[in-house]
Structures are given as C-alpha cells and as structure tokens.
Amino acid sequence: MGLYIGVDLGTSAVKLLLMDGKRKILNTVSQEYPLEFPHPGWSQQAPEDWKKAVFQGIPELLTGFDGKEVKGIGCGGQMHGLVILDGEDNVIRPAILWNDGRTAKQVDFLNNEVGKKVLSQRTANIAFAGFTAPKVLWVREEEPENFRRIAKLMLPKDYINYILTGVHSCDYSDASGMLLLDVEHKCWSKEMLDLCGLTESQMPRLFESYEKIGCVKSEIAAQLGLPEGVVVAAGAGDNAAAAVGTGVVGNGGCNISLGTSGTVFISSDKFGVDSTNGLHAFAHADGGYH
C-alpha cells in the first residue's frame, strides 16, 4: 500500500506528516527555525534552515516505520517568499517572506504607475507588499549585485523540492501569488518578467500541484532513509493545500482559515476576476481556480 510524506513549510516551523495509502495519519513531527527581522517591518529566513529542518524531521518522522515503504512526498507551505539562486544553485540572500513590508515603494509603482488595470490584465491580480514581484523590484533597486547573480527564482516550498529532486519547479497555485503568472492561461507573463528584468529561463518549470516533478535523488534518499524512486509532487501553496485537505475542491466550496493570516477561500472550476480586484484570482491545486 505504501507510505506518503506531507511537508508543510510554515513561517515558524516545518510540519511533517506520515500517512498510509488509506489516508490514515501515522505520525507527525514539527521542526522550528528562526525568523530574521533586520529592520522594522522586514521579515526574512535562511532557506538553508528550511533544508536542515526537513532533513532532521523526515528521519524522526519515520522512526518506528519502514522508510523503504515510502512511495511519495508532497510539499506545501508559505506563499510569496522570494528565494533566489546563483548559477551554481547556491542561495544568494535570505528569502524575503510573505509578511515582509519593505516593498511599499515598489507596490506603489506597480499599482499606480504601471496601473491596476494593466496588472489585472496580465496577472488577474493587483500588487500587494507580500507578493513576489515587488520583492524582485526591491532587490533590483536596492541590491543590484545580488540581482545580477540571479540564475533561478523560486518560492519557499519549491526550494525544498529542488533540494530533494534537483528540479526547479513551481505549481500554478503558488505561482499565482507572485504577480508574475498569467493565471488565466497558466504561463509566465512575459510582460511582467520584462518589467522586473527577468527572463523565462530564470523561472522554474510550471506544473499542476498533483503532477510528478521528479524523484528523490539517490544520495538524498540514502541520507533520509528512503528507497530509490520516491516520487515528488509539485505541491501547492498553503491555502490551496489546506483547501484540498478540507474537501474544498471543484466548484463552489469554501473554507475559512485563521492562522498567522486569515483567509476566506472559495473554489471554482472557472477562471474569473471581480471588477474591483478585491479578491485574489488564483489557480487551485485541483486544476481549477479559486
């Protein structure tokens, strides 16, 4: 029947879950990591700390179980955070997180100079301080040397997927919160990439959340006590993953999540944008939208 590992890369800790093929939860583990606040309103983390927590957590999760029975891993987690890698896939700077407020100038530029209407046409959304594109603009303006070194850009849970598989990936639900994705057509927006000084070659490959991106690399599998050939799914942003977990899939479901942030989440099988952009218009982990 096999065992399956779920990874929830949160803001303060990674939560790991082990379940069997009948969806029975067998074990859970949590590993904390620090947050950095180098200036008032700034919030960042070291991606290496995420990796360390996951690599400590998985062997602990499998204690008392046969790790050779693991068939698959799925990773979800905090959205919007900017992770940038150089040409050798080394992390360039700490990840700027979803709750970071340093991008007020860039958000004002996007919403008022580029314009909300233009942003909505390109990405189905308008700019918020937490989104990824304003962070990219901030790095370009404030840390030009780091910006010039960017070879790959990704989101937090995608960094863990990269460490596991060697594949630079992102799913549509998480990518929707970057302000770089054409949500309706499920592709990177060339106009937004151009605006931010990026190329598509610097972006991860896009997948549906449930698609296989690759398998755990053999050396990583041996390190974690896993067998060869463990499948890794693209995963999802935390809100979309939680929606699937609460059965909010297909058309017209709703859940309310009250955590570090509060979310009202409504699933839809059709793409749509409200006239005021008062609602996020994102792709859902079920292949539809929300």
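Two rings of Phe, Tyr or Trp count as a pair if their centres lie within 6.5 Å. In this predicted model, such ring pairs link Phe128, Phe131 and Phe282 into a cluster.

**Aromatic pairs**

The whole structure holds five aromatic pairs. One of them joins Phe271 and Tyr289.

| Residue | Relative accessibility | Class |
|---|---|---|
| Phe271 | 28% | partly exposed |
| Tyr289 | 13% | buried |
| Tyr33 | 8% | buried |
| Asp158 | 0% | buried |

Tyr33 sits in the loop between β3 (25–32) and β4 (44–45). Which residues does Tyr33 touch, beyond those up to four places away in sequence? They are Leu9, Gly10, Thr11, Ser12, Ala13, Val14, Gln45, Asp49, Trp50 and Ala53. The C-alpha atoms of Tyr33 and Asp49 are separated by 6.3 Å, although the two residues are 16 residues apart along the chain.

Helix α1 covers residues 47–61. It has 15 residues and reaches 21 Å from its first C-alpha to its last. That is close to the 21 Å expected at 1.5 Å a residue. The buried residues of α1 include Trp50 and Ala53, and both touch Tyr33. Pro47, Val54, Phe55, Gly57, Ile58 and Leu61 are buried in α1 too. An α-helix has 3.6 residues a turn, so residues three or four places apart point the same way.

**Helices α2 and α3**

Two packed helices are described by the angle between their axes and the distance between the axes. For α2 (residues 104–123) and α3 (residues 132–142), the angle is about 115° and the axes are 9 Å apart. The crossing is right-handed. From α2, Lys105, Gln106, Val107, Phe109 and Leu110 take part. They meet Pro134, Leu137, Trp138 and Glu141 in α3. Of the residues in this contact, six are nonpolar, one is polar and two are charged.

**Asp158**

Asp158 belongs to helix α5 (residues 156–165). Its relative accessible area is 0%, so Asp158 is buried. Leaving aside neighbours within four places in sequence, Asp158 contacts Ser169, Cys170, Asp171, Asp174 and Ala234.

Key: Residues are numbered from 1 along each chain as its sequence is written. This is a predicted model: local features need pLDDT of at least 70, side-chain atom pairs count only at pLDDT 80 or more; totals for chains, interfaces and linings use all residues. Side-chain values use heavy atoms; hydrogens and water are left out. Helices (H or I, at least four residues) and strands (E, at least two) are DSSP runs, numbered from the N terminus. The expected span of a helix is 1.5 Å times one less than its number of residues. Buried means under 20% relative accessible area, exposed over 50%, partly exposed in between (1.4 Å probe, protein chains only). Axes are lines fitted to C-alpha atoms, for helices over the stretch in contact, and angles run from 0 to 180 degrees between N-to-C directions. A crossing is left-handed if the near helix is turned anticlockwise from the far one by less than a right angle, and right-handed if clockwise. Contact means heavy atoms within 4.5 Å. Ala, Val, Leu, Ile, Met, Phe, Trp, Tyr, Cys and Pro count as nonpolar, Asp, Glu, Lys and Arg as charged, and the others, Gly among them, as polar. Rings of Phe, Tyr and Trp (its six-membered ring) pair if their centres lie within 6.5 Å; planes under 30 degrees apart count as stacked, over 60 as edge-to-face and the rest as tilted.
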